Amino acid sequence: MKRTRLLGALFAGAITATSAYAQDTYEIWHYYAAGSELAGMEALIANGNEAVDEANFKGVIIPGNVVELRRQLQTAFLGGQPPAAYQSSMAFELKAFVDGGRLHPLTEVWSEINGDEIFPDGVQRVVKIDGVPYGVPYDLSLINNVFYNVEIFEELGLEAPTDWESFLATCSALSDAGYQPLGNAGGPFWSLYNFYAPLVSVLGVDGYYQLASGEIGFDSPEFAEALDLYRDTMVSCYADNWSGKTWTQTADDVVNGDTGMFMMGIWVAAYFEQADFLAGENFDVFQAPGTVGKSIFQMDALAVPAGSEAAIEAAGKFIAAAASPEGQAAFAVPKGSLAPNVNVDPSVYGYAGSRFAEQFSEAAANDAVLPNLFFLLPTSVGTELGVQIERFAIDPSDAVKAELMSTLETLRQEALAENAFIAW
Amino acid sequence: MPPRLKMPNRTTRTHIAFLALPVALFVTFYIYPIISSIHLSLHSWDGFSPSMRWVGLQNYVTLLGQPRFFNAVINNVTWVVFMLIVPTGTGLLLAALLDRGIRGESVFRILFFLPFTIPAVAVAAIWRWMYEPSNGLLTTVLELVGLGGLAQNWLGDPAIVNFSLMGAVAWWTTGFAFLVFFAGLRNIPTECIEAARIEGATPWQTFWKVSFPLLWPSTIIVLGMSAIDAMRLFDVVWATTQGGPAYSSEVLAVQMYDLAFGRFAMGRASAVAVYLLLLSAVIIMPYIYYMSKRVTESEAE
């Protein structure tokens with residue numbers, strides 16, 4: 001009898017412990033698996049655990065990228081066990097899950113953190129669907145900067161280019177001296193991010209948003225002109241064999257002094273610093289021609305799945321802590337990105353971060369904060385745009401250009417027929 | 001008066017009991033997913049919305065109109081041809097060489113088989129480094145031996161990338177073919193080999209006229225597995241190139257994954273899965289049928 005009671009007590013204890021764990025520990029899913037990214041997320045989660053007494057938050061890494069995270073989320077949603085919150089991209093990435101009825105609106109938290117005041121307008125518009133906030137930004141990276149090797153520039157007496165003409169002159173000087181002028185990397189994102197500079201040069205800020213909302217066609221003369229400008233400037237400057245490299249391999253080429261310039265998201269600054277290649281000393285940065293005074297950005301937000309009220313409540317508290325200046329700085333400084341919250345003291349950043357913060361403030365003042373077009377377009381159109389631009393960068397012939405325009409225009413027409421575009 | 005149902009005897013009941021679990025597993029994990037995929041392929045669904053929209057055969061028709069789809073089909077068929085010839089042939093060659101009783105046999109045995117034990121993602125990481133076009137190991141070695149002109153943009157040139165991936169997969173999977181062939185060679189009765197030698201056969205003749213025909217069961221396993229691996233190829237391609245650049249290295253399983261999770265087109269991805277199933281059936285089923293027949297005939301002989 002005693003033995004039965006003891007086993008019963010142990011069983012009850014185990015059940016209680018399991019259920020207490022299930023009640024109090026909430027998962028935050030993300031795909032930051034290593035390096036500065038993981039350090040940033042760990043700091044953000046530590047900040048949440050410190051700020052919220054009644055719940056414990058645990059980061060869960062989904063190895064890979066946004067595609068792998070989507071796969072895991074789809075499975076979790078079907079199984080009815082989503083995380084309390086997860087790393088989400090902006091705009092259509094959020095909209096797809098909102099349309100599926102999978103996200104909880106963050107109206108209360110947004111009001112509590114005063115989201116309309118602490119985030120710039122360009123940031124707000126890509127986390128709200130029909131005016132309702134579904135994501136709270138915590139990670140913002142500019143993608144319109146060109147990084148350059150200071151030693152090479154000093155050796156050749158070069159200045160940071162300010163327009164396309166001086167950019168091409170710099171490329172020629174680097175090439176003549178035996179350096180690879182401009183690094184790039186394979187994959188559907190990097191060539192696309194490079195293409196935004198010629199695109200904005202031709203379309204301007206308003207035209208960029210019109211392309212995103214489906215008002216300007218991919219077969220339009222303006223889009224063709226942007227492709228021509230991309231071909232005549234950046235593509236003509238690209239390093240040999242760029243398409244066979246990853247972005248970290250190309251960053252290594254800049255560090256090793258093989259490549260003069262590299263247009264990449266500002267996360268590359270943290271990568272450089274980890275290799276003791278220091279901002280202001282070994283590398284510096286300029287805004288790509290056509291984007292001076294503007295900021296094109298990639299951003300991650302925290303989204304909360306619909307479902308358990310306890311998880312939603314806990315996630316709300318975590319997000320409130322993550323949106324505070326302390327929370328935002330906790331992530332941005334180790335990650336090497338910018339805090340979307342305008343109240344974060346710029347002194348938290350180093351040399352490179354300060355430059356990016358200045359650029360972002362100037363762009364916000366100019367009302368020229370442009371979200372990544374990839375996520376402003378319906379998912380099928382944005383993804384195909386990335387693939388087609390990479391193809392054009394590898395083979396910038398007129399035939400490929402014509403196929404690119406035709407393929408994308410067909411997708412635009414399909415999306416228009418389905419009323420899939422949004423005026424962000 | 002209705003006929004009485006006859007109760008199965010004890011032996012039959014035992015058979016049923018033993019069969020119940022494997023049949024349940026087969027139905028749950030093989031039959032149901034196939035039926036579910038066919039059902040999904042007739043709908044438009046993003047993967048998480050509560051409802052799906054019926055579109056009939058539209059997903060199948062759309063795929064047939066896309067050059068991207070046919071490119072993936074051609075890549076899959078090319079992979080089948082490659083997998084049937086290169087890793088299989090190399091594995092047979094290595095097994096035959098090692099079967100001659102050379103010194104350090106056990107070390108070579110481990111060395112040849114070792115790559116097969118590495119996970120696909122690690123293989124991809126290793127070969128991304130090997131294939132770095134400027135400073136990677138392959139380019140550096142070619143330059144060191146004066147063959148720098150042969151260096152390529154291994155993973156970035158659409159015309160080269162599939163050959164590069166095949167090189168990596170050959171390195172990875174040859175160990176399996178080697179092991180099966182080596183075990184097969186060791187199981188051949190020595191009397192047969194001795195008899196051939198006494199009759200004056202050269203080593204070449206002994207291998208082709210005696211050893212190779214007796215390796216038939218091993219060959220069936222290796223060729224069958226290679227063809228199946230080629231049709232379901234996904235992990236190495238996804239982890240190395242994600243099907244790029246610009247779809248050039250995409251196979252059907254990669255396209256299916258990209259459509260399902262990269263573009264929220266679960267219905268179209270399921271249509272790709274059904275096409276893949278049909279293609280596999282057309283290519284592999286006749287082989288399996290033929291091989292099964294040969295095995296039965298061999299056993300009868």
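**View 1. The largest nonpolar core of this predicted model has 186 residues.** A nonpolar core is a set of buried Ala, Val, Leu, Ile, Met, Phe, Trp, Tyr and Cys residues joined through C-beta atoms within 7 Å. Buried means that 20 or more other C-beta atoms lie within 10 Å of a residue's own; exposed means 12 or fewer, partly exposed anything in between, with C-beta atoms placed from the backbone. The residues with the most contacts inside this core are Ala85(A), Val136(A), Phe147(A), Ala303(A), Ile319(A), Met256(B) and Val272(B). Helix H10 (residues 190-212) of chain A gives the largest share, 13 residues. Helices (H or I, at least four residues) and strands (E, at least two) are DSSP runs, numbered from the N terminus. As a predicted model, it needs pLDDT of at least 70 for local features and 80 or more for side-chain atom pairs, while totals for chains, interfaces and linings use all residues. Residues are numbered from 1 along each chain as its sequence is written, and chains are lettered from A and ligands numbered from 1 in the order in which they are written.

**View 2. Val136(A) and its contacts.** Two residues are in contact if their C-beta atoms, placed from the backbone, lie within 7 Å. Leave aside neighbours within four places in sequence. Val136(A) then contacts Leu106(A), Val109(A), Gly115(A), Val127(A), Ala301(A), Leu302(A), Ile319(A), Ala322(A) and Ala323(A).

**View 3. A second, separate core has 14 residues.** Among them are Leu98(B), Ala177(B), Val180(B) and Leu185(B).

**View 4. Chain A is divided into two domains: domain 1 (23-137 + 304-347) and domain 2 (145-296 + 371-417).** The bounds come from an automatic or database domain assignment. The C-alpha centres of the two domains lie 29 Å apart. Their contact takes 13 residues from domain 1 and 12 residues from domain 2. On the domain 1 side, helix H2 (35-51) and helix H4 (92-99) each supply at least two residues. H4(A) gives the most to that side, three residues.

**View 5. Chain B meets chain A through 25 residues of its own and 29 residues of chain A.** The chain B side divides into 13 nonpolar, seven polar and five charged residues. Here Ala, Val, Leu, Ile, Met, Phe, Trp, Tyr, Cys and Pro count as nonpolar, Asp, Glu, Lys and Arg as charged, and the others, Gly among them, as polar.

**View 6. Chain B has 13 helices and two strands.** Its C-alpha atoms fill a box of roughly 75 × 70 × 30 Å, taken along the principal axes. Of its 301 residues, 34% count as buried.
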